[in-house]
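Please read the following report with the sequence and the three-dimensional structure side by side.

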Amino acid sequence: MNVVDVVVKHDYCIGCGVCSGTCPSTNLCMDWSSNGELIPYAGDGCKENCSICLDVCPFYDHPVNQDDIADFLFRKTPDINHHEYTGYYLNCYVGFQEDEQKRLKSASGGLATCFLVSLLKEGVVDNIVAVGIAEDRMYDHKILKSPGEVYECAGSAYYPVEISRILKVILEEKEDESYGIIALPCVVYGLRLAMLRIPKLKRKIKVIASLTCGQLQNRYCTELLALESGVRVDEIARMDFRRKKKGNMASDYLQVAIDLDGKEGTPQSNHGLPFHLWHYHYFKQNSCNFCDDVFGELADVTFMDAWLEEYMDDYRGTSLVIVRTPLSGRVLEGLSGHEVEGIDIQKVIQSQMGVIQKKRVLLCGKLYKKETIDMWYPKKRVKPDPQIYKKNKEFIDLTDKIQSLSKEFWREHRLDPSTKGFWEDLADSESQIRAYERKASLLKFPLKLIGKFREVLQWPKTI
Ligand SMILES: Cc1cc2nc3c(=O)[nH]c(=O)nc-3n(C[C@H](O)[C@H](O)[C@H](O)COP(=O)(O)OP(=O)(O)OC[C@H]3O[C@@H](n4cnc5c(N)ncnc54)[C@H](O)[C@@H]3O)c2cc1C
Ligand code: SF4
Ligand code: SF4
């Protein structure tokens, strides 16, 4: 049995590529599925009794979960703290890259790139693995050897990427090259599992950084946004997912598609169609519905947006950072010249409350729904809960439907000259969403009123 027979078959594959990169028979090959997602395809070369791909898969069940691995990695660190949402933490920081141009090119405040560049400059690692423009897949993980290359890869790629090719290089080359890797929480979990299983990886990967992650939409999402902006699917070269606009709120960045001749499509405000697609799970990878890690709990250091009232007005973006090892703390505090200061863990948690609600509460309802269907699903650290399902049934069922229909209909319409046919096929679901949106905002009205009273009467806010 391999990952394709279980994880891929039941649609829990996030396409990280860790299985493919560590398969001793090179029997798993990553490629696009008909849903616009990266998945492994198996040849017939699996060795008897080999289970490595299952052992390293972040969406398979293991004798150790993220909490056990985190205990093993961080629990004995002097002065370490723990919170159920963030996992272990030594310190938290808020700040931004001092160079204005570099800050503008970054996703948030640019501290992730500053950190990775410092790892190289200080000789902590010989290579950085980050995500940048790739020849054959728009974006992918790349091995970077110079600070200039790391700066080139700043920004967020809201696009499927996979790490198999990198792992193959690391495993094949000589021992003395070392690596610092930045990845999403699920990939970090896969890497940690692989490092437990394969000593050479453990020796060579010296630092792992994570991005906080809400969800990942598949390649079709990028294609739809590009066509909406006037760039045809067969002509997309890349997407600038976060172009900052002076005067806008930090969250109201622009998404801009760029065609093969370098011509740009009409920029789209993140608060418009991209938010609608994100919020109602258009093109969402199914595995993200079953992910319980918000903060990349197994990473040495985690970077995220400062989605806090006090930083939202600065369109240039601000980064929050959770540090879990003394080495990462030293590198971060040594970022001389950059604006970095301490911030309370409660603020960091507050900045991601929406994602925490999805990954720790709504997930219990989704797990319950799966349980009633009686099919295999990966074990999570939270438990199925019928009450949460009942309370959120309309949202869960509606977004599950949108998630699968959007993939099915886009497959049929992606090469059309416009998105009209796609939206016509989705008209019923869209009108159900609009009705749901109206009802939800009516229900929210009393809460907004209480908020206003709270402000006037100066009641304390709790999180
Ligand atoms: C799919 C996805 C979902 C996210 N969800 C959230 C969220 O819910 N809340 C939140 O606060 N932040 C989220 N982030 C993180 C956020 O977008 C920023 O990456 C983060 O704030 C760091 O910003 P920065 O300016 O410090 O990083 P930068 O200086 O811009 O550097 C970012 C680094 O991340 C690497 N990178 C970009 N895309 C990827 C990728 N797909 N996989 C691995 N590495 C990548 C780049 O190569 C670069 O090295 C998400 C990111 C992604 C890719
Ligand atoms: S290891 Fe990653 S790519 Fe392989 S099956 Fe699991 S989630 Fe998918
Ligand atoms: S939500 Fe979880 S599974 Fe999905 S991309 Fe983010 S970390 Fe991976």
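A residue is counted as near a molecule if one of its heavy atoms lies within 4 Å of it. This is a predicted model, in which local features need pLDDT of at least 70 and side-chain atom pairs count only at pLDDT 80 or more, while totals for chains, interfaces and linings use all residues. Residues are numbered from 1 along each chain as its sequence is written, chains are lettered from A and ligands numbered from 1 in the order in which they are written, and side-chain values use heavy atoms, with hydrogens and water left out.

The shell around ligand 3 includes Ile14, Phe59, Cys186, Cys213, Cys288, Cys291 and Lys359. By class, this shell has 9 nonpolar, 2 polar and 1 charged residues, where Ala, Val, Leu, Ile, Met, Phe, Trp, Tyr, Cys and Pro count as nonpolar, Asp, Glu, Lys and Arg as charged, and the others, Gly among them, as polar.

Ligand 1 is surrounded by 33 residues, of which Ser108, Gly110, Thr113, Val131 and Ser156 are the closest, and this shell divides into 19 nonpolar, 12 polar and 2 charged residues. Helices (H or I, at least four residues) and strands (E, at least two) are DSSP runs numbered from the N terminus, and α6 (111–121) contributes the most residues to the shell around ligand 1, namely 4.

Turning to charge, a salt bridge is a side-chain nitrogen of Lys or Arg within 4 Å of a carboxyl oxygen of Asp or Glu, and the structure holds 33 of them. Side chains of opposite charge can pair when their charged atoms come close.

| Salt bridge | Closest N to O distance |
|---|---|
| Asp140 and Arg137 | 2.9 Å |
| Asp400 and Lys369 | 2.8 Å |

Asp400 lies in helix α17 (residues 386–413) and Lys369 in helix α16, 31 residues apart, and this pair links distant parts of the chain.

Are the partners in these pairs buried or exposed? Buried means under 20% relative accessible area, exposed over 50%, and partly exposed in between, with a 1.4 Å probe and protein chains only. Asp140 and Arg137 are both buried. Arg360 counts as buried because its relative accessibility is 13%, and Glu297 is buried because its relative accessible area is 2%. Asp400, at 24% relative accessibility, is therefore partly exposed. Finally, Arg360 and Glu297 also belong to a network of salt bridges that links them with Asp67, Asp292 and Arg381.
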